[in-house]
Amino acid sequence: MVCAHQVAPRLPPAIGRTRQRHGAALALRQPGFLTMDIFAALRARVIAALAELLPELPPEATAKVTVEPPRDPSHGDMATNAAMVVAKPAGIAPPKLAAALAEKLAALPEVESATPAGPGFLNLRLRADYVRAQIPEVLRAGEAFGQGAATGQRVNVEYVSANPTGPMHVGHCRGAVVGDALANLLAKAGHAVTKEYYINDAGAQVQALGQAALWRAAEVLAAQGAAGLLFDALRAAPAEARATIEAAWGTTLQYGGEYLVPVGAALAARDGAALFDADGRPAPGAADAARMLAVSMMMTEIRADLAALGVQQDIFISEAERVAAGDLDRAEAILNGKGLVYRGTLEPPKGKTPDDWEPREQTLFRSTQFGDDTDRALRKSDGSGTYFANDLANHLHKIDRGFDALVHVWGADHGGYVKRMKAAVAALSDSRVSLDVVLTQIVHVLKNGEPVRMSKRAGSYITLSDLIDEVGRDAVRFTMLTRKSDAQMEFDLDRVVEQSRDNPVFYVQYAHARIRSVLRAAGDPGPDSLAAAPLETLSDPAELALIRRIAAWPRTVEAAAAAREPHRIAFYLNDLAGDFHLLWNRGRDDATLRFIRAEEPQSTQARLALVAATGVVLRSGMAVMGVTPVEELRDERKGESAEPA
RNA sequence: GGACCCGUAGCUCAGCUGGAUAGAGCGCUGCCCUCCGAAGGCAGAGGUCGAAGGUUCGAAUCCUUUCGGGUCCGCCA
């Protein structure tokens, strides 16, 4: 066998320059530093062969060379487009180049045969022992298999960031799961990742929240017999409390949910009647006190929800603190210094002019210079900062902390906000720092085939903890990753707990449970003993297909991370589980294909090694998704273990 | 009026950043399953990738136009 780290020293230096990521990764690889990836290894081989054939070829000409498994397995194990991609710059017809390349590649120790095909493809059939040699690599690496070499990139992933004005609901849940899995994925791909939560604790909404907490506190004090006209009125007509208070305070109350009653009670218990003046209006400072307590209690609840979901973020950033620290003013000064800030008046949005539209002069940011559709307001007409301006402060803070790449997971309703934020990050960092925004589309929850309403006003409001109670944390996390995040999704409460082929949560867990069952039956051999097993008996096409799937794991991680698409991990695991179940099922029809056969100790060891390696990759993938692998499944209908007896 | 997302088999969805004859599950059809590892298994049918142009060796994928669905759209957050 030939490992990637053995290939690297033979590469011409030019290759390392053209593909820095691969070049660097290969150069760093050592025995024991297991980031083996047969696709990257073979690609390096192909490029090295090209360099020998065409010494004059500019290195960048090979940038688009790929080595991938062909769709049709009858074409071989791998196919490369090298001849077609390089033909033009090299000035050689693709078939001719392919033939020459085939001769070179056929001589490699990994390659059984290389045959040109079609318009210039080169199909490679790999030696079975090279394919099999992936198994001990996987077993020795354990769940670190697929871990990318350190990229040196510092990535900040901000997700959830639900306003601290109430419990989390299923919409937040999708963002939380996608963000957490994406952060895990980026870490798996070799980036240094920080998981961040941005608390929107400044602005009108949290002020309204504080006011609602005061309302609830007033109700509690009234019930406790506090003296005063307002409390008398509340006692006289408890059902009219909201209207009574709105009239007394001259405001419109928001956040009527019951979840603020405990906040009001805590507030009343702590500050008592001092919260209100003689007229029953909030005393000076009471609004701030109520707001801070309410935010704090809501954040406690949100953190508990996140913990129940298995999400643990590294850092929580307070919007109010950042503004107080002067980041907003500093951000504005930076933009101003670049001539990107001016006084002006925005056009009304076409086709949807608000009734009360009137032109107003404000402080604006020239986001159009960075691809936005219109310039954006930094300050309201009264001079105070907009939400966007506060977000500038937030992003400046991230840039200051030295991140190379920023990633946000937002709900689709923030789609219109992406361009201006990218513009802002580009302007603040002189385009050194990138910003990627992953938008998650709406989740429709179904129960008994009927949509479940999620309105905050409706009584049937589904919170995150309701959802976790109903189907379990792992089912929630896995299911939320079974769709591309920019596609809408139906979350069928009945489907996700169903034990059948069309429930991927079950299907993947079941594969792992079966693997554990086999290994237990074999006395749980350790990875070292399995890694030493001779593997020549693994020659069945289905076995080799499973090995190739396993070998594709590092590449899957790298591609999914680059695309910021954690759902690919769920699909990969579903495919991997399918390959494994296929083998298992065949053992049912043909006893000679069973994993454990007492009369054939050698082939048993080889198959156990394959089974164990499959389990390693399943666990590695589930770790990225934040799903717990199970030792066994239980059938509630039978009350028995799902293990084969 | 504008921005962003989606449109792929009867249904729900993948499609590895441009590759060869477009895949999976469900559903459907047929066969297998009295004993063996069946909360099943095997096989088959099913597609002008919403439409029309363009880019090139090559397009579901990139560009333009267009149709349908969804999210949004001055100082809210």
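This is a predicted model: local features need pLDDT of at least 70, side-chain atom pairs count only at pLDDT 80 or more; totals for chains, interfaces and linings use all residues.
User: Why is the pair R330 and D400 called a salt bridge?

Analyst: The N to O distance between the side chains of R330 and D400 is 2.6 Å. The cut-off is 4 Å, so the pair qualifies. R330 lies in helix 16 (residues 327-337) and D400 in helix 17 (residues 387-400), 70 residues apart. Both also belong to a network of salt bridges with R322 and D327.

User: Why does R330 count as partly exposed?

Analyst: Its relative accessibility is 35%, and the class covers values between 20% and 50%, so R330 falls within it. D400, at 45%, is partly exposed as well.

User: What makes D579 buried?

Analyst: D579 has a relative accessible area of 16%; buried means under 20%, therefore the term applies. Its salt-bridge partner is R549, with the closest N and O atoms 2.6 Å apart. R549, at 27% relative accessibility, counts as partly exposed.

User: How do you know that R555 forms a salt bridge with E68?

Analyst: The closest N and O atoms of R555 and E68 are 3.6 Å apart.

User: What is found across the interface of domain 1 and domain 2?

Analyst: The rule finds two salt bridges there, together with one residue pair in polar contact. On the side of domain 1 that touches domain 2, there are five nonpolar, one polar and four charged residues. The two domains bury about 680 Å² between them, 52% of it on carbon and sulfur atoms.

Key. Residues are numbered from 1 along each chain as its sequence is written. Chains are lettered from A and ligands numbered from 1 in the order in which they are written. Side-chain values use heavy atoms; hydrogens and water are left out. Buried area is the accessible area (1.4 Å probe) that two parts lose on being put together, summed over both. A polar contact is a pair of N or O atoms within 3.5 Å; within protein, one must be able to donate a hydrogen and the other to accept it, and residues adjacent in sequence count only if both atoms are side-chain atoms. Ala, Val, Leu, Ile, Met, Phe, Trp, Tyr, Cys and Pro count as nonpolar, Asp, Glu, Lys and Arg as charged, and the others, Gly among them, as polar. Helices (H or I, at least four residues) and strands (E, at least two) are DSSP runs, numbered from the N terminus. Buried means under 20% relative accessible area, exposed over 50%, partly exposed in between (1.4 Å probe, protein chains only).
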